[in-house]
Amino acid sequence: MEIIRVENLHKKFTLKSKILEIPTGLVHAVNGVDFSIDKGKTLGLVGESGSGKSTTGRLLLRLLQPTEGRVYLEGRDISEIKNREFRKIRKDIQMVFQNPYAVLDYKMTIEDILTQPLHIHKIVHPLEYSKEVERLLRIVGLSKKDRKKFPHEFSGGQRQRIGIARALSTKPKFVVCDEPVSALDVSVQSQIINLLKELQEEFHLSYLFIAHGLNVIKHVSDQVAVMYLGKIVEKGDVEAIFQRPKHPYTIALMSASPIPDPEAKRERTHLKKEIPSALEIPSGCSFHNRCPKKMDICERVTPKLIGEGDYQVACHLVEGVASHGSSA
Amino acid sequence: MKLLEVKNLKTYFFIHDQEIPAVDGVDLTINKGEVVALIGESGSGKSVTSMSIMGLIDSPGKIMEGEILFHRNELFTDNLLKKSDRELQGIRGNEISMIYQDPITSLHPMLKVGDQVAEVLQIHKKMGKKQAKREAVEMLKRVGISDAEQRADELPEKFSGGMRQRIMIAMAMISNPKLLIADEPTTALDVTIQAEILDLLRKMGQEEDAAILLITHDLGVVAEMADRVCVMYCGKIMEEADAKELFKHPKNPYTQGLMECIPRIDDDRRKTLQIIEGYVPHPTDFPKGCRFSTRCPKVMDRCREELPELIEIEPGHKVRCFLY
Amino acid sequence: MKTEFAVNLGKKIFYQAIVLVMILVIILIASGIPTDFNVYYEYGQYHWSMSLEEVRLNIFQHFQGFLSGEIFDVVIAGESIGTLFRSAFVLSLKVLFGGTVLAFLIGVPKGILDSRKRGKSGTFKLLQSYIPLSIPDVLTVGLVQFGAIYLYYNDITFFGLGPIHFLGDESWLSTIYPIISISILPAAYMSRITASTIEDLYTKQFIITARGKGCSFGQILRQHMMKNIVFEILSSSPTIMAVMFSSLIIIERLFYYQGLGYHLIFFFSSYSLTPEQASAAFAVFIMGLAFFYYMLFMGFKGMKTWILPKIKES
């Protein structure tokens, strides 16, 4: 059963000059993104800077307004709903943010921070607030003695737990996790990842897990979508993608990820140049100027995401193989 | 041949009447041409160690004791801690260079990149402006900046993160330093760029016969680059060994824990990841005895009371743990 | 794009012009009220010394005089207001310009010195900057005058200059004391800006990079910080300017230096002129001052938005 479906999502940002507010450029941060997530499953969204993965997450939460596209929550089209109405939906879609140091109001106690969403969305009766806060702290692994403390009294990992507790306070169906462990100490990351997975099982949550590290994505996701400059270039089952990646960018990304083993074999795919600026996205396939397997057609025609069933790739190479296969 | 020996370095910070032992008795040896990785998490003291070597510790920090012996050649050895700031200025950027984590803030936003690189030569080799500029352009070419001639006259904002880091490397290597300290050089960069920067560092180190002190928290980076590894935790070195040896036979429970709990791309997907219990203690709150005792799965009573020494259990392999 | 640029620019200029005209009109009205206009309270009622109709008439004539230019030809003590204005303007300009330059020459080095003695004597150097900023201008000028009198009585020479007698306006020497007085406050301000910019920048990563390269403090100051310091000072130029203009009036008065500020007070309070002369002269001078200030202010603002970003790229 699908819980979230996204169709042809676009987000354009117009850059304006400082003095006279003249449009100077267009950033097409999210450029036609489609995906769907089943209930209880995790879609891992992976990409480097400029890929549009964080923007996609924010679009789902209406923190930004999509320029184009449709979003469906449990089959219901929520793209056109006005912001006022959307507030009622907010309790179903929540977000865990990257920086545990910045997202908690340092003037509020933990109790206040966790009670606030309960109050806004009327999750429980006010007499039950205290009990609910205790319950939330318990499920994220903190003690109820911590409720009167302030955020600065906790370590990064603990603060992220509080952030997760806050996201869960509204009993959401779907949680966007935007790089939840990138800012944490290495020895603590696995704790938080485990916690997120436990909570997913216990509460039948669905996740959109955004990260730039393939190693984390592998352990958390059921499906994976790889983004590059606003488009999804490869999408599919996590095992399939990691065992047999097809898109040259995915292959390069995997070969570049450092492996903590000095004796591991490293076949580095060298990519030419750097990630282009989002203001000057190359024509045709946006990856063509760096692709080691570039063909003439790549410059002219933008490849579409095609494939069988769940597994899809946007690459002329793969297309060619597929069409050859079908003609044989 | 030894290039740099750090002996019992202690750098403390005094904040709000509290004494924070950021670096608490660290011994480190770097040999000529070697790549030594200093790995640790936040609060481990790894960055403070590198800043201490460079003499860039400002108040409220203070180097309390220790020696930093710099063997610039067979005849001359200097204790860097005994040198005045003026003398250190002659060494910084010249014989010992440093590159930093965030390439966006590390370059001066209002000066041309060519000038920033050329400045090194003007200070240390007393070169004239024109000649220094020419050599800077050559160096920029070497680190992979295309159209170096024109691009040398641009401001850092026109370059991407990876390119800026290359400029920093040019700036650091142009003076043929004997030691390059790289403080988390790839942490702020994208994965695909990271690999290229590491390759560049390795290449430069080999071409100029420079040793590299690589500071990082990423075991993958260590595995790729390092000859030897030192693991730091809460201001102390917990383990030191050759890279291959460390990854095959980590002895300290902290090192073991680190290696097991990191999700790996070459692993099978597992339901639950291994974890290290607890959190990195706050520097004002270090536990009595072994600093890892609050989280160690193999903790004994002794660990909570006494601090273990760093002992060499096998040639080239040192551990700080009562298990040995 | 071009047309949008032109439209936006046009809009901005139009708004600014409207604001300027509004300000000038308000000043004109205010200065058009006759000097012997009074409101007094007598026997439980308010009375005006002249009817509102007369006041309105006066203001109207005022406007007419201005718009036709006749007002500039009103003669006071043998000179027309126009010529009077011009000479006073030049004198005030000398003091303002000299004061700014001197403030810069004193303030920036002092600021650099302040930032070097880091840590110790922090409060003392703060006081050094804040004291001039917090005591009244009159006291500052008074102290300078005391200093002048002391030098005069003790026949002390400075750089070959003998004690300065009052020479009227014939010599540039009469600008020295006003320039010194007017520069004290801006100098304190600039030194604080310099010192705090330096302190602020010192912890920035690119300065650490520069130190890591082996730059000495002097080199860092010259190559890496100077642009930022000038940038900061230019950014706060509107404030400094406001301070200087308000000081100008007091300083000119106390030193009997016959610039714009001096004449303003003179026209307002003098008994040797007819009400018409006085109000006409006052109006011209204050309009001139307002216009000058406005142009200067807009100039600085424009510089901040357009030119300073270019400095970044020089």
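What share of the 324 residues in chain B is buried?

## Chain B as a whole

Buried residues make up 52% of the 324 residues in chain B, where a residue is called buried if 20 or more other C-beta atoms, placed from the backbone, lie within 10 Å of its own. This is a predicted model, in which local features need pLDDT of at least 70 and side-chain atom pairs count only at pLDDT 80 or more, while totals for chains, interfaces and linings use all residues. Residues are numbered from 1 along each chain as its sequence is written, and chains are lettered from A in the order in which they are written.

Chain B holds 12 helices and 12 strands, both being DSSP runs numbered from the N terminus, with at least four residues (H or I) for a helix and at least two (E) for a strand. Its C-alpha trace spans about 65 × 50 × 40 Å along the principal axes. The radius of gyration of chain B is 20 Å, which agrees with the value near 20 Å for a compact globule of 324 residues; the radius is taken over C-alpha atoms, and the globule rule is 2.2 Å times the number of residues to the power 0.38.

## Two domains in chain B

Chain B is divided into domain 1 (2–95 + 175–320) and domain 2 (107–174), with bounds that come from an automatic or database domain assignment. The C-alpha centres of domain 1 and domain 2 of chain B lie 29 Å apart. Their contact takes 15 residues from domain 1 of chain B and 14 residues from domain 2 of chain B, two residues being in contact if their C-beta atoms, placed from the backbone, lie within 7 Å. On the domain 1 side, H8(B) gives the most, with 7 residues.

## Where chains A and B meet

The contact between the chains takes 39 residues from chain B and 36 residues from chain A. On the chain B side, helices H7 (161–173), H8 (191–208), H9 (219–225), H10 (243–248) and H11 (253–261) each supply at least two residues.

## A sheet in chain A

In chain A, an open sheet of 4 strands runs in the order E2-E1-E4-E5 with antiparallel pairing, two strands being paired if DSSP finds at least two bridges between them. Strands E2 (23–38) and E5 (76–77) of chain A stand at the edges with a single partner strand each, so one side of each is left without a neighbour in the sheet. Strand E1 (residues 2–16) and strand E4 (residues 68–73) of chain A pair over 5 bridges in the antiparallel sense, and A:His10 has A:Glu68 in E4(A) as its bridge partner.

Notes
Buried ≥ 20, exposed ≤ 12 C-beta atoms within 10 Å, placed from the backbone.
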